[in-house]
Amino acid sequence: MPNTLNPLELIARRWQPSARFIERAAFATVVMAVIIVVTGGAVRLTESGLGCSSWPRCTPGSLTPTAEMGVHGLIEFGNRLLTYVLCAFIGLFIIAARARAPRRRSLTRLGWAQFWIVMGNAVWGGIVVLTGLNPYLVAAHFLLTTALLTVSVLGWQRAKEGDEEPRDVVARPIRQLAWLLVVATGALTVIGTVVTGTGPHAGDAHEVHRIPLNWQEVTQLHVDFVYIVVGLSVALWFVLRAVKAPALPRRAALELLGCLAFQGVIGYIQYFTGLPEVVVGLHMLGSTLVWIVVLRVSLSLRDRGPLPVDDPAPADAGEVADGQLAPAASR
């Protein structure tokens, strides 16, 4: 019985993407994850969370929004459609990583992890709609998106490095300080979802159940963690300079300080202007950038060696140009 090849193996025989192409595909998944976060925030800030009253259909009788639903239906449905765009970019990353020789299973696993997080979060988003924007489920929905962003950043980083065992490029206490920064930033993100669940932007114009906590007290806790994250970031930057760490982690730490400064300015603006929707949206964008750079700082403190050397093309695969399809060589 002849061996049958799955579609990914067939593509791998005909296409050899460059390492640069795979890195760009991985970066595209990071960009799309950020876009999903920001557009999801736009759904909430425009009170379009129930623009589509059902799931997976937009309404019980229509797959797409109707004219009676107005702009809220379009915004909510548009956010749902972006999920397909995100899946397309993740699929491109998976296919390119699978086609690359030598095959790197770490990359394809990270790609599939992104896909399944998206699928799970899509179902979770449906539950959020069907439960009338339950604030606890909304918070979990955002955290699942943050998990997607985390895995996409890991995929982007792995696309730029080899597969050797991680080697510290700084002393272990410095790496531990960086991981403490990651944990503190993660806690800051979780508290931020609680602030959203208690704050004025419920996601729909009608009355929506909120988390029964004092919004100002939760906000103050959020601010306290901001100071912790800023303090750890400044300390890490000074330590990296003091020990003359490699340029990459020092640059990443400086980028983090810049993101925190931007986020701080936005935070004070939204506080003193009564939480206008546009500024809150910028704050959500800033939170994703901070999380990305925090992860990059931590990942820059270890080295996994250079990218694997390309395998020679199979004898029957023909000459395959970088990132191009080519016919098999004639016999």
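Buried means under 20% relative accessible area, exposed means over 50%, and partly exposed is in between (1.4 Å probe, protein chains only). In soluble globular proteins, nonpolar side chains tend to be buried together.

A word on what you have open: this is a predicted model, where local features need pLDDT of at least 70 and side-chain atom pairs count only at pLDDT 80 or more, while totals for chains, interfaces and linings use all residues. Residues are numbered from 1 along each chain as its sequence is written, and side-chain values use heavy atoms, with hydrogens and water left out.

**Zoom out for a moment**

Switch to cartoon and you get 9 helices and 2 strands in the protein chain, running α-α-α-α-α-β-α-α-α-α-β from the N terminus. These elements are DSSP runs, numbered from the N terminus: helices are H or I with at least four residues, strands E with at least two. Of the 331 residues of the protein chain, 45% count as buried. Contact means heavy atoms within 4.5 Å; among contacts between residues at least 6 apart in sequence, 77% join residues at least 24 apart.

**Leu240 and Val170**

Back to leucine 240. Leaving aside neighbours within four places in sequence, leucine 240 is in contact with Val170, Ile174, Ala245, Pro249, Arg250, Ala253 and Leu301. Hop to valine 170, in the loop between β1 (167-168) and α6. Is valine 170 buried or exposed? Buried, with a relative accessible area of 11%. With the neighbours within four places left out again, valine 170 contacts Arg175, Leu240, Ala245, Pro246 and Leu301.

Next, pick threonine 288 in helix α9. Threonine 288 has a relative accessible area of 4%, so it counts as buried. Not counting residues up to four places away in sequence, threonine 288 touches Val34, Val37 and Leu149.

Threonine 219, in helix α7, is buried at 19%. A polar atom of its side chain lies 2.7 Å from the backbone oxygen of tryptophan 215.

Then go to glutamine 16, in the loop between α1 (7-14) and α2 (19-45). Glutamine 16 counts as buried at 18% relative accessibility. Its side chain reaches the backbone oxygen of alanine 99 at 2.9 Å, and a polar atom of that side chain lies 2.9 Å from the backbone nitrogen of alanine 101.

**Salt bridges**

How many salt bridges are there? The count comes to 10, where a salt bridge is a side-chain nitrogen of Lys or Arg within 4 Å of a carboxyl oxygen of Asp or Glu. Select arginine 104 and aspartate 163, whose side chains meet in one (2.9 Å, N to O). The pair links distant parts of the chain, 59 residues apart: arginine 104 sits in the loop between α3 and α4, aspartate 163 in the loop between α5 and β1. Arginine 104 is buried at 5%, whereas aspartate 163 is partly exposed at 40%.

Move on to arginine 296 and glutamate 255, which form a salt bridge at 3.9 Å, N to O. Arginine 296 lies in helix α9 and glutamate 255 in helix α8, so the pair ties together parts 41 residues apart in sequence. Finally, show Arg104, Arg158, Glu161, Asp163 and Arg302 together: salt bridges that share partners join them into one network.

Notes. Polar contact = N/O pair within 3.5 Å; in protein donor to acceptor, adjacent residues only side chain to side chain.
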